[in-house]
Amino acid sequence: NYPPGKENIGASYLNVLPRSLWQILERLRREGYWVKGAPTSEDGLFDAIREHGANLGNWQPGAVAALVRSGRAVLWPVAEYRKHYERLPAAFRENMEKAWGRPEQSAVSIWRDAQGVPYFLFPAQRWGNLIFAPQPTRGWEQDVKKLYHDVTVPPHHQYLAFYFWLQHEQGVNAMVHVGTHATHEWHSGKEVGYTASDPGELFVGAVPQLYPYIVDDIGEGLQAKRRGMATLISHQTPPLDKAGLNPELNELVGLISDYAVAREKGDLAPAAIRADIAARAARMGLLKDLGLNELDDHGIDEMEHYIKEIEEKRSPFGMHTFGVAQSAERRRGTAEA
């Protein structure tokens, strides 16, 4: 769920919501996993996760209160978290509290009842033996992107609490981090050979980690294996295809062709067409791309070649859906690319 918010549940070139999550849910259902209450359609899954499965900050008290009232989130008492937290090495706790304060003071996803008792809020959807949830935010800083890869900032309390809840309260048999890439492998601690006080070890414990990961991201995949204890399940990139031209560029190609014909017949008509070409090219930024201040015949030839290059470029065609092979046509286009 990066950046945080209900519009941003996705991963690198993977259609996470709803298609990949739907494929996983349906496969588990067919294999006999208990999924009582789970949505029965892609649209149903999309709505459930989009409306109730995104991270919320404490500066959204109305949204937090609505999520609590809906009964579609998990509330875990901070007091229960403390039972596990107090067993951590003192140096680790001091580091966390220096960055984030004491657990009860957490500024990330804390809700208090009428008596003032604090709870961690997890926007997790539980259907039978399955839990669908966003990984907690790395932190609510202004520069979210920088924090996402920052291996010096310790985890905040709600982040650690979520993984403690999965391990100790739910007793999960496996965690699946869907798509490139998550943040648990980008915390502080050693690069390899974790001890019991390294965050990655605390998050994962003895729980198997299954991690669908885009096949062409080798470097960050190593990070997921070494620091997230992940078993990587490689998934395809999107198919590649010719980029083609948008309608405006198609019209410009037509004008360039008209200009070539008009040049053979006189001076007046080609001058008007060239002026039209220049105006359109300036508006679309083509003159700037080619470093041209004015457009002569040589410049028009350059532009024609440039547009041809654009048309022939290969670009990703949509997003991949985990577990779904591409059509024969898309495979052929990718092989040609």
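Guide: Begin with the strand order: an open sheet of three strands is arranged β1-β3-β2, with antiparallel pairing. Helices (H or I, at least four residues) and strands (E, at least two) are DSSP runs, numbered from the N terminus, and two strands pair if DSSP finds at least two bridges between them. β1 (74–77) and β2 (110–112) each have a single partner strand and stand at the edges, so one side of each is left without a neighbour in the sheet. From one strand to the next, the twist averages 40°.

Visitor: What should I know about the model itself?

Guide: This is a predicted model, in which local features need pLDDT of at least 70 and side-chain atom pairs count only at pLDDT 80 or more, while totals for chains, interfaces and linings use all residues. Residues are numbered from 1 along each chain as its sequence is written, and side-chain values use heavy atoms, with hydrogens and water left out.

Visitor: How many bridges join β1 to β3, and how many join β2 to β3?

Guide: Four bridges join β1 to β3, and three join β2 to β3 (residues 118–122). Phenylalanine 120 in β3 stands opposite tryptophan 76 and also opposite isoleucine 110. Tyrosine 119 in β3 is the bridge partner of tryptophan 111. The hairpin of β2 and β3 has five residues between the strands, and there glycine 116 takes a positive phi near 85°.

Visitor: Which helices lie across these strands?

Guide: Angles run from 0 to 180 degrees between N-to-C directions, with axes fitted as lines to C-alpha atoms, for helices over the stretch in contact (heavy atoms within 4.5 Å). Helix α4 (residues 78–85) lies across β1, β2 and β3, at about 60° to β1. Helix α7 (residues 157–169) lies across β1 and β3, at about 80° to β3.

Visitor: Which residues of α4 are buried, and why do they line one face?

Guide: An α-helix has 3.6 residues a turn, so residues three or four places apart point the same way. In α4, Val78, Tyr81, Arg82, His84 and Tyr85 are buried (under 20% relative accessible area, with a 1.4 Å probe and protein chains only). Seen down the axis of α4, these buried residues fall within an arc of 160°, taken from the directions from the helix axis to the C-beta atoms, so they line one face of the helix. They pack against β1, α5 (90–100), β2, β3 and α7.

Visitor: Is β3 mostly covered or uncovered?

Guide: β3 is mostly covered, with four of its five residues buried.

Terms used:
Buried < 20%, exposed > 50% of the residue type's maximum accessible area, 1.4 Å probe, protein only.
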